[in-house]
Amino acid sequence: MARQLRYKKSGKKYKADLLRRYGLSVELYWRLRQQPCELCGKVRTGGNIVDHIHGLKGTYRGILCKPCNTALGWFERHQEQISRYLKR
């Protein structure tokens, strides 16, 4: 939502940023944000988050709510520790 406030939803820069970051049109981006989280199934007020692979431009991985997106990021950063723990 913060990015939306920086420039108009219909602006060229906004469209280019969504295409570069997620590979999505503005219309599809906003439609997807209204979909339920693909992990917990909830639709959050203000819409869910378009998940992407950080460091790879133009990637779209799915729709997540903020809590699931935060947890997934933590799990991705701590894969080794989690794997070691689960092998006990």
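Figure 1. The chain has 88 residues, of which 28% count as buried. Among contacts with a separation of 6 or more, 35% join residues 24 or more positions apart.

Figure 2. Across the chain the mean pLDDT is 84, and 89% of the residues reach 70 or more. Helix 5 (residues 79-86) has the highest confidence, at a mean of 94, while helix 1 (residues 2-6) has the lowest, at 49. Where pLDDT is low, the predicted coordinates should not be read in detail. Please keep this in mind when you look at helix 1, with its mean of 49.

**Figure 3. Helix 2 packing against helix 3.** Two packed helices are described by the angle between their axes and the distance between the axes. Here helix 2 (residues 12-22) and helix 3 (residues 26-33) cross at about 65°, and their axes lie 9 Å apart. Angles of 65 to 115 degrees count as roughly perpendicular, so helix 2 and helix 3 are roughly perpendicular to each other. Which residues meet in this contact? Helix 2 brings Y14, K15, L18 and Y22, and helix 3 brings V26, Y29 and W30. Sorted by class, the contact of helix 2 with helix 3 has six nonpolar residues, no polar ones and one charged residue.

**Figure 4. An aromatic cluster involving Y22, Y29 and W30.** These three residues, Y22, Y29 and W30, form one aromatic cluster. The view also takes in the contact of the previous figure, where Y22 of helix 2 and both Y29 and W30 of helix 3 take part. A pair of aromatic rings is described by the distance of the centres and the angle of the planes. The count for the model comes to three aromatic pairs. One of them joins Y29 and W30, edge-to-face, with 5.2 Å from centre to centre and 85° between the planes. Are these two residues buried or exposed? Both Y29 and W30 are buried.

**Figure 5. The ring pair of W74 and F75.** Here the ring centres of W74 and F75 are 5.5 Å apart and the planes stand at 80°. Planes over 60 degrees apart count as edge-to-face, so the pair of W74 and F75 is edge-to-face. W74 is partly exposed, at 41% relative accessible area. F75 is also partly exposed, with a value of 43%.

**Figure 6. Helix 4 packing against helix 5.** Helix 4 (residues 66-77) meets helix 5 at an angle of about 80°, and the two axes are 5 Å apart. With that angle, helix 4 and helix 5 are therefore roughly perpendicular to each other.

Figure 7. D51 is found in strand 1. Its relative accessibility is 6%, and buried means under 20%, so D51 counts as buried. Setting aside neighbours within four places in sequence, the contacts of D51 are T59, Y60, R61, G62, L64, N69 and L72. D17, in helix 2, is buried too, with a relative accessible area of 7%.

Figure 8. L56 sits in the loop between strand 1 (49-51) and strand 2 (62-64). This leucine, L56, is partly exposed, with a relative accessible area of 48%. L56 and R20 are 36 residues apart along the chain, and 9.7 Å separates their C-alpha atoms. E27 lies in helix 3 and is exposed, with a relative accessible area of 53%. From the C-alpha atom of E27 to that of K15 is 9.6 Å, for two residues 12 apart along the chain.

Terms used. Residues numbered from 1 in each chain as written. Predicted model: local features only at pLDDT ≥ 70, side-chain atom pairs only at ≥ 80, totals over all residues. Heavy atoms only, no water. Phe/Tyr/Trp six-rings, centres within 6.5 Å; stacked < 30°, edge-to-face > 60°. Buried < 20%, exposed > 50% of the residue type's maximum accessible area, 1.4 Å probe, protein only. Axes fitted to C-alpha atoms, helices over the stretch in contact; angles between N-to-C directions. Helix = DSSP H or I, 4+ residues; strand = E, 2+ residues; numbered from the N terminus. Parallel < 35°, antiparallel > 145°, perpendicular 65-115°, else oblique. Contact = heavy atoms within 4.5 Å. Nonpolar A, V, L, I, M, F, W, Y, C, P; charged D, E, K, R; others polar. pLDDT = per-residue confidence, 0-100.
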